[in-house]
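Here is a colleague's note for a reader who is new to looking at protein models. Please keep the structure open beside the text and find each element as it is named.

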Amino acid sequence: MVKITGFTTRDVRFPTSLDKTGSDAMNAAGDYSSAYCILTTDSEYTGHGMTFTIGRGNDLVCSAISLLTPLVIGKDLDELTANWGQTWRYLVSDSQLRWIGPEKGVMHLALGALVNALWDLWAKTLGKPVWRVIADMTPEEVVRCIDFRYITDALMPEEAVALLKEVEGGKAERIKEAEENRAVPAYTTSAGWLGYGEEKMKALLKESVELGYRHFKMKVGGDLEEDKRRLRITREAIGYDKGNVLMVDANQIWSVPEAITWMRELAEFKPWFIEEPTSPDDILGHAAIRRALADIPIGVATGEMCQNRVIFKQLLQANALTVLQPDACRVGGVNEVLAILLLARKFGVPIVPHSGGVGLPEYTQHLSTIDYVVVSGKASVLEYVDHLHEHFVHPSRVQDGYYVTPMEPGYSVEMKADSMDLFSFPGEAKGWWRSDDAKIILEGPRVI
Ligand SMILES: [Mg+2]
């Protein structure tokens with residue numbers, strides 16, 4: 001029996017704006033950050049969960065975590081995990097906090113950190129990685145993790161159980177593949193950031209090809225001629241006829257007609273899809289873009305800023321997506337992601353989780369493994385960005401073009417204590433953010 005006795009939050013920020021890591025058409029200079037939730041218990045176990053942000057406002061998410069987490073203090077872990085769907089509903093049901101969501105924005109980012117911390121804690125007590133906890137469940141148990149409110153017009157619990165049963169036959173074989181690190185092929189965005197110069201880009205592309213990557217994503221949407229120049233360089237490095245796949249990402253910079261015009265100009269580079277062509281809330285806009293680009297053909301992907309399962313449901317119902325990209329912490333943690341994976345399965349759309357951020361590959365390696373082993377039975381690529389993994393106790397890794405399946409108990413986002421201390425914001429006297437190096441960010445002109 002493990003009882004949750006307390007919690008801490010940590011505001012951890014890495015100064016990635018200094019070298020433009022993560023830069024794209026909408027986000028010029030982000031400092032990759034973690035709003036952290038650490039659950040303490042009356043046992044040896046602690047639960048670690050985090051939400052990814054890109055700097056300013058990370059403190060708001062920490063405050064929201066502090067408002068939500070008292071809901072689980074004093075509870076037995078067994079009581080919370082016995083009926084997960086009910087627990088998830090309980091965690092979104094504080095009516096005063098619900099008013100400043102509901103199930104979206106800062107409150108939902110905070111919920112993701114808390115729910116994921118609970119999964120991390122539970123998995124540690126079971127001695128398994130999170131993906132394996134779910135792989136060892138029956139279809140009925142998986143479905144009981146989900147709160148079906150607002151999605152039963154698209155998917156009923158009984159149907160979800162039937163979908164899972166359909167692929168159960170090959171599950172043991174897929175678990176074996178996962179154990180052999182052959183479940184989740186990786187793609188890379190490392191060369192693709194908009195702020196990187198030509199030489200850096202060429203060197204990173206060459207390195208990625210040599211490392212065995214077959215999928216490459218580039219940021220677009222700053223300047224059309226510049227996009228053409230960068231995509232030409234990319235195609236020179238990866239070729240058109242070597243089986244390598246190009247993807248492009250506009251990070252919401254366009255209105256719907258702009259997205260269509262711009263992407264028709266880039267059709268010669270043959271991208272598989274355009275990611276986040278417009279506002280993540282614009283379901284009918286995504287559907288219109290998909291229809292308008294169908295003849296080229298260029299697909300449409302989105303999800304990293306989709307706020308909850310309801311938006312995903314509508315995107316699928318509107319036939320707006322070629323690829324669905326759930327985020328591990330923008331929605332309310334593992335349970336809501338399971339709902340989204342099942343919706344994607346029902347509509348026959350592959351999932352490619354969003355991983356461009358600190359801690360995200362650590363999370364999403366579990367989610368993609370769950371999708372392959374338990375939900376869809378089909379392998380799908382997963383983004384890998386090679387930034388900041390050194391700060392994690394069990395960092396995610398890619399080998400021979402595949403993710404190395406995590407085998408340590410938990411959800412893999414436990415950060416090293418020294419890293420947390422050094423990059424806490426605003427931090428202690430010896431912290432990075434109190435150093436002279438930080439002044440260029442803290443006192444220089446604000447890059448918005
Ligand atoms: Mg993106």
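Where is the place of Asn319? Asn319 sits in the loop between α14 and β9 (323-324), and point 6 below returns to this residue.

1. Before the details, some ground rules. This is a predicted model, in which local features need pLDDT of at least 70 and side-chain atom pairs count only at pLDDT 80 or more, while totals for chains, interfaces and linings use all residues. Residues are numbered from 1 along each chain as its sequence is written. The helices (H or I, at least four residues) and strands (E, at least two) are DSSP runs, numbered from the N terminus.

2. The open sheet. Three strands form an open sheet in the order β1-β2-β3, with antiparallel pairing, where two strands pair if DSSP finds at least two bridges between them. Because β1 (4-13) and β3 (46-53) stand at the edges with a single partner strand each, one side of each has no neighbour in the sheet. Neighbouring strands here are turned by 15° against each other on average, direction ignored. Strand β2 (residues 33-41) pairs with β3 over eight bridges in the antiparallel sense, and Tyr36 stands opposite Met50 in β3. Helix α1 (residues 58-68) packs on this sheet and touches β1, β2 and β3, its direction making about 175° with that of β1. Helix α5 (residues 105-126) lies across β2 and β3 and runs at about 150° to β3.

3. Helix α15 and its two partners. Two packed helices are described by the angle between their axes and the distance between the axes. The axes are lines fitted to C-alpha atoms, for helices over the stretch in contact, and angles run from 0 to 180 degrees between N-to-C directions. The axes of α5 and helix α15 (residues 333-347) come within 6 Å and cross at roughly 100°, and α5 and α15 are therefore roughly perpendicular to each other; angles under 35 degrees count as roughly parallel, over 145 as roughly antiparallel, 65 to 115 as roughly perpendicular and the rest as oblique. Leu111, Gly112, Val115, Asn116 and Trp119 of α5 make this contact with Gly333, Val334 and Asn335 of α15, where two residues are in contact if their C-beta atoms, placed from the backbone, lie within 7 Å. The axes of helix α14 (residues 309-317) and α15 come within 10 Å and cross at roughly 5°, so α14 and α15 are roughly parallel to each other. On the α14 side, the residues are Arg309, Phe312, Lys313 and Leu316, and they meet residues of α15 including Ala339 and Leu343.

4. Helices α10 and α11. Helix α10 (residues 198-210) and helix α11 (residues 224-238) pack at an angle of about 30°, with their axes 10 Å apart, and α10 and α11 are therefore roughly parallel to each other. Among the residues that meet in this pair are Leu205 and Val209 in α10 and Ile233 and Ala237 in α11. By class, the contact of α10 with α11 has six nonpolar, one polar and four charged residues; Ala, Val, Leu, Ile, Met, Phe, Trp, Tyr, Cys and Pro count as nonpolar, Asp, Glu, Lys and Arg as charged, and the others, Gly among them, as polar.

5. A covered strand. In strand β5 (residues 215-219), five of five residues are buried, a residue being buried if 20 or more other C-beta atoms lie within 10 Å of its own, exposed if 12 or fewer, and partly exposed in between, with C-beta atoms placed from the backbone. His215, Lys217 and Lys219 point one way from β5, whereas Phe216 and Met218 point the other way. β5 pairs with strand β6 (residues 245-249) in the parallel sense over five bridges, and Lys217 stands opposite Met247 in β6.

6. Backbone details worth checking. Most residues other than glycine have a negative phi, and most peptide bonds are trans. Asn319 has a positive phi of about 55° although it is not a glycine, and Asn319 is partly exposed, with 14 other C-beta atoms within 10 Å. Asn251, also not a glycine, has a positive phi of about 50°, and it counts as buried because it has 20 C-beta neighbours inside 10 Å. The peptide bond from Gly101 to Pro102 is cis, with omega near -15°, and the bond from Ile296 to Pro297 is cis, with omega near -10°.
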